[in-house]
Amino acid sequence: MSNLNKNDLPTLLVTGGAGFIGANFVLQVRKFKWANIVNLDKLTYASNLQNLAELQDDTNYYFIQGDVNNSELLSYLLEKYQPDAIINFAAETHVDRSIISPHNFIQTNIVGTFELLEASKAYWQKLTSPKKEKFRFLHISTDEVYGSLSSTDPAFREDTPYAPNSPYSASKAAADHLVRSYYHTYNLPTLTTNCSNNYGPLQFPEKLIPLTILNALNGKSLPIYGDGQNIRDWLYVRDHCDAIYLVLIEGCIGETYNICGMNEQTNLVVVEKICAILDKLAPKDNFQYSSLISFIKDRPGHDRRYGIDCSKISKNLGWKPKENFDVGLLKTVQWYLNNSAWVDSVCTGTYQGWIKQNYETR
Ligand code: NAD
Ligand code: TYD
């Protein structure tokens with residue numbers, strides 16, 4: 001089976017490319033001229049076209065607003081752009097929202113992935129050699145499908161049984177199973193990556209790290225669920241984008257790859273580190289940002305620990321994360337400080353409504 005070759009300048013159909021990881025990926029791909037990009041995104045609350053403003057005059061980048069559930073649109077785009085690969089980032093992604101209103105998670109993450117698989121299969125089956133052999137369907141998933149670890153459990157491996165605990169992780173698990181089934185049943189050349197928590201520029205401030213940075217700058221309390229001892233493995237988004245591209249080009253079809261940050265931290269430590277950075281970058285007289293920390297009612301079904309073993313991608317494809325957490329966090333805080341127009345544009349009334357719903361009624 002031949003692989004995609006980056007020297008051929010492939011065309012990638014990317015879904016969800018106006019969100020956090022998708023936009024970082026699209027920017028990285030176009031910066032290094034790895035591929036042409038067709039970006040299909042519904043533009044939900046979590047997206048932001050400003051993320052991609054620098055591609056405005058890029059003639060090898062195309063944006064289409066649309067839903068992965070729209071099968072007619074998918075078939076049309078596949079026929080029109082004849083992509084060499086599809087990367088599925090599109091998803092509803094916030095666990096707390098999945099607890100309050102799971103419906104969209106089922107529709108986009110499960111049904112939407114199914115529609116994309118169906119359209120991809122029909123397109124791929126009509127391709128001829130060598131494009132057919134090189135075609136790839138890369139599905140972006142999460143370590144949350146594996147469930148929760150105790151402090152002494154070994155980290156998740158690719159063969160760890162799935163045990164999702166939130167509507168979000170259950171919907172991602174279902175999508176992963178569908179992707180797997182399209183490989184085994186129809187030979188669709190799929191790849192799946194399961195990564196840990198990402199952080200970095202462009203993340204919507206409903207997630208822990210940007211929420212903490214912006215709340216701190218606004219003098220608001222820094223909400224920590226439960227005892228703050230839950231552990232996540234933090235992965236710098238640009239390291240993740242490198243890994244995705246490597247799996248696309250060199251991954252073995254039908255396989256899944258875990259992508260880790262090699263950086264397990266408790267939530268309390270993450271928040272304290274952000275406070276210490278802000279004490280230096282945005283100091284206030286006689287004030288320490290950590291004084292804003294507030295322990296609040298826990299998230300239902302809150303997974304205690306995620307830890308991810310990424311020896312497979314490291315051994316087979318030679319990838320490991322490059323960013324040091326303290327440096328990555330410093331760059332991230334600096335990015336939010338430098339991009340107040342971006343911050344203002346996402347902290348709209350809808351965002352304030354979510355903050356009220358999730359935190360004030362807890
Ligand atoms: P995000 O919420 O920032 O962005 C999701 C994007 O998908 C948005 O641009 C949104 O408009 C788009 N989208 C949503 N529904 C759509 C639909 N029906 N049709 C087309 N587009 C739609 O998400 P993210 O953090 O960038 O995550 C990207 C992918 O990575 C997701 O599949 C997520 O499950 C996975 N992931 C994320 C993390 C993380 O830490 N952020 C960790 C592990 C896995
Ligand atoms: P989050 O960024 O929502 O990612 P995920 O739930 O997908 O891991 O949350 C990261 C961790 O931070 C998680 O353990 C929940 C916790 N958390 C808080 O303690 N307070 C908050 O306000 C948020 C949003 C998350």
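Me: Is Glu206 buried or exposed, going by its relative accessibility?
Reply: This is a predicted model, in which local features need pLDDT of at least 70 and side-chain atom pairs count only at pLDDT 80 or more, whereas totals for chains, interfaces and linings use all residues; side-chain values use heavy atoms, with hydrogens and water left out. Residues are numbered from 1 along each chain as its sequence is written, while chains are lettered from A and ligands numbered from 1 in the order in which they are written. Buried means under 20% relative accessible area, exposed over 50% and partly exposed in between, with a 1.4 Å probe and protein chains only. Because its relative accessibility is 3%, Glu206 counts as buried.

Me: With the side chain of which residue does the side chain of Glu206 make a polar contact?
Reply: Glu206 is found in the loop between strand E7 (198-199) and helix H7 (208-217), where helices (H or I, at least four residues) and strands (E, at least two) are DSSP runs numbered from the N terminus. Leaving out residues up to four places away in sequence, Glu206 touches Tyr45, Thr93, His94, Arg97, Leu211, Tyr351, Trp354 and Tyr359, a contact being heavy atoms within 4.5 Å. A polar contact is a pair of N or O atoms within 3.5 Å; within protein, one must be able to donate a hydrogen and the other to accept it, and residues adjacent in sequence count only if both atoms are side-chain atoms. At 2.7 Å, the partner of the Glu206 side chain is the side chain of Arg97.

Me: Why is H7 described as largely enclosed by the rest of the structure?
Reply: The buried residues of H7 include Ile209, Leu211, Ile213 and Ala216, and the buried residues pack against E7, E8, helix H9 (267-281), helix H11 (325-338), helix H12 (340-346) and helix H13 (349-360). Ala216, for one, has a relative accessible area of 0% and, leaving aside neighbours within four places in sequence, is in contact with Leu222, Leu278, Lys284, Tyr289 and Leu292. H7 is largely enclosed because the buried share of its 10 residues is eight.

Me: Which element gives the most residues to the shell around ligand 2?
Reply: Of the 18 residues around ligand 2, Glu144, Arg232, Arg299, His302 and Tyr359 come nearest, where being near requires a heavy atom of the residue within 4 Å. H7 and strand E8 (222-225) each supply at least two residues of this shell. With three residues, the element that gives the most is E8.

Me: How much of the accessible area of ligand 2 does the protein cover?
Reply: Oxygen atoms of ligand 2 lie 2.6 Å from a polar side-chain atom of Glu144, 2.8 Å from a backbone N or O atom of Tyr225 and 2.8 Å from an N or O atom in the side chain of Arg232. On its own, ligand 2 has 510 Å² of accessible area, of which the protein covers 98%.

Me: What share of the accessible area of ligand 1 does the protein cover?
Reply: An oxygen atom of ligand 1 lies 2.7 Å from an N or O atom in the side chain of Thr93, and an oxygen atom lies 2.8 Å from a polar backbone atom of Asn198. Accessible areas come from the Shrake-Rupley method with a 1.4 Å probe, and for residues only the protein chains shown count as cover. Of the 840 Å² that ligand 1 has on its own, the protein covers 97%.
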